[in-house]
Amino acid sequence: MNNPSPEDVRYMAHALRLAKYGLYTTDPNPRVGCVIVRDSRIVGEGWHRRAGEPHAEVHALAAAGQQARGATAYVSLEPCCHHGRTPPCSEALVRAGIARVVAAMPDPNPRVGSRGVAELERAGIRVDIGLLQAEAERLNPGFISRMARGRPYLRVKLAASLDGRTALANGESKWITGVDARADVQRLRARSSAILTGIGTVLADDPSLTVRDLDIGRQPLRVVVDARLGMRPDARMLSLSGKTLVVTAVADAGQAAALRRAGAEVIVVRANVDRVDLPGLMRILAEREVNEILVEAGATLCGSLLQAGLIDELVVYLAPHLLGNAARGLFEIPGLDSMQDRIALDIQDVRAIGRDWRITARLA
């Protein structure tokens with residue numbers, strides 16, 4: 001959008017703030033906010049709260065009532081034009097008599113494909129698109145990735161000492177980081193569709209991989225990469241609320257049946273007899289409407305994901321202590337022969353979380 005007015009920027013920024021209220025709850029739908037403005041005054045606002053419930057535009061139009069006629073709607077995502085769990089928002093905007101729609105970004109859903117804009121324009125509504133688009137995209141990296149690339153957005157969480165060690169040589173790792181960092185990880189879990197780990201972590205730590213202390217009304221899908229199907233039916237996560245998917249490379253009917261009786265779903269996604277097809281797994285998870293994946297795993301799985309080119313973002317919590325060179329590292333990857341082979345990162349954010357430092361980076 002060229003030459004937006006200060007008023008346009010202000011109202012779109014407010015729509016984006018509203019969208020953030022759905023950060024933990026809209027999955028698998030995108031987080032969307034909407035503001036209705038008439039005569040330089042907000043007459044209605046809303047955000048999408050949960051899949052299956054009304055979209056942001058519907059809430060905002062309901063709040064505006066008759067004042068929506070002739071007004072401008074600022075929405076953080078192109079209004080939908082297809083029937084899903086709810087009716088099209090483009091039709092609702094037309095019926096309400098909206099005169100102008102300002103959308104932060106086009107909908108990446110191929111079912112929309114700018115048809116929402118076209119429907120609005122055919123009805124005589126002026127449409128401007130692209131205002132604060134980068135900010136809107138940051139709200140929905142997983143939805144965009146699933147629609148545009150056919151795979152979820154993969155975020156790897158790592159906790160390490162200042163010398164880059166994740167555990168002692170004997171595997172002891174509790175607790176490298178402090179209570180504030182661990183609470184911050186709960187927020188990462190809460191925004192995720194799924195939490196991915198490896199069988200090594202499950203056997204060593206017996207983790208729950210649940211969202212705690214945040215009431216989001218759901219638990220992310222737990223996904224365990226277990227190539228040789230060594231997971232025990234009495235693993236703690238299988239007794240907790242939410243679903244667990246065990247992904248293996250072997251068709252062991254007996255062990256699979258035991259895990260299913262314990263509550264797990266077991267699927268075979270094989271690259272070869274010893275390895276799970278990780279890109280194939282990402283495609284399967286996308287088909288299951290998984291948007292964002294949080295990886296909480298050891299160096300082996302993290303290294304495999306890195307080598308497969310599947311990692312989009314790293315969130316590294318660095319604790320103010322040293323564990324020494326015998327302790328375990330962050331990634332198990334082949335040694336490099338040249339500095340030109342370094343894996344480059346773009347640092348997005350660095351901030352203190354209690355006594356620890358959180359570094360957010362993307363693969364360059």
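Author: Gladly; here, exposed means over 50% relative accessible area, buried means under 20%, and partly exposed lies in between, with a 1.4 Å probe and protein chains only. The model is predicted, so local features need pLDDT of at least 70 and side-chain atom pairs pLDDT 80 or more, while totals for chains, interfaces and linings use all residues. Residues are numbered from 1 along each chain as its sequence is written, and side-chain values use heavy atoms, without hydrogens or water.

Let's begin with the second largest pocket, whose volume is about 760 Å³. A pocket is an open set of points on a 1 Å grid over the protein atoms alone, with protein on both sides within 12 Å along at least five of seven lines; a cavity is a set where a 1.4 Å probe fits but cannot get out, and lining residues have an atom within 4 Å of a point. Points join across faces, edges and corners, and volume is the space filled by probe spheres set on them. Of the 22 residues lining the second largest pocket, Arg138, Arg155, Arg191, Glu313 and Arg358 are closest to its centre. By class, its lining holds twelve charged, eight nonpolar and two polar residues (charged: Asp, Glu, Lys, Arg; nonpolar: Ala, Val, Leu, Ile, Met, Phe, Trp, Tyr, Cys, Pro; polar: the others, Gly among them).

Helix 7 (179-191) gives the largest share of that lining, four residues. At least two residues each come from helix 5 (133-139), strand 6 (153-161), helix 7, strand 14 (313-319), strand 15 (345-353) and strand 16 (356-363). These elements are DSSP runs numbered from the N terminus: helices are H or I, at least four residues, and strands are E, at least two. In the loop between strand 6 and helix 7 sits Glu172, which is partly exposed at 47% relative accessibility. Its C-alpha atom is 9.2 Å from that of Asp205, 33 residues apart along the chain.

The peptide bond from Asp27 to Pro28 is cis, with omega near 10°. Pro28 belongs to the loop between helix 1 (6-19) and strand 1 (33-38).

In the segment before helix 1, Asn3 has a positive phi of about 50° although it is not a glycine; Asn3 is exposed, with 77% relative accessibility. Asp39, in the loop between strand 1 and strand 2 (41-47), also is not a glycine and has a positive phi, near 55°. At a relative accessible area of 73%, Asp39 is exposed.

Finally, some helix packing. The axes of helix 3 (residues 89-96) and helix 4 (residues 115-122) come within 9 Å and cross at roughly 20°, which makes them roughly parallel (under 35 degrees; over 145 is roughly antiparallel, 65 to 115 roughly perpendicular, the rest oblique). Axes are lines fitted to C-alpha atoms over the stretch in contact, with angles from 0 to 180 degrees between N-to-C directions. This crossing of helix 3 and helix 4 is right-handed, whereas helix 2 passes helix 3 in a left-handed crossing (left-handed: the near helix is turned anticlockwise from the far one by less than a right angle; right-handed: clockwise).
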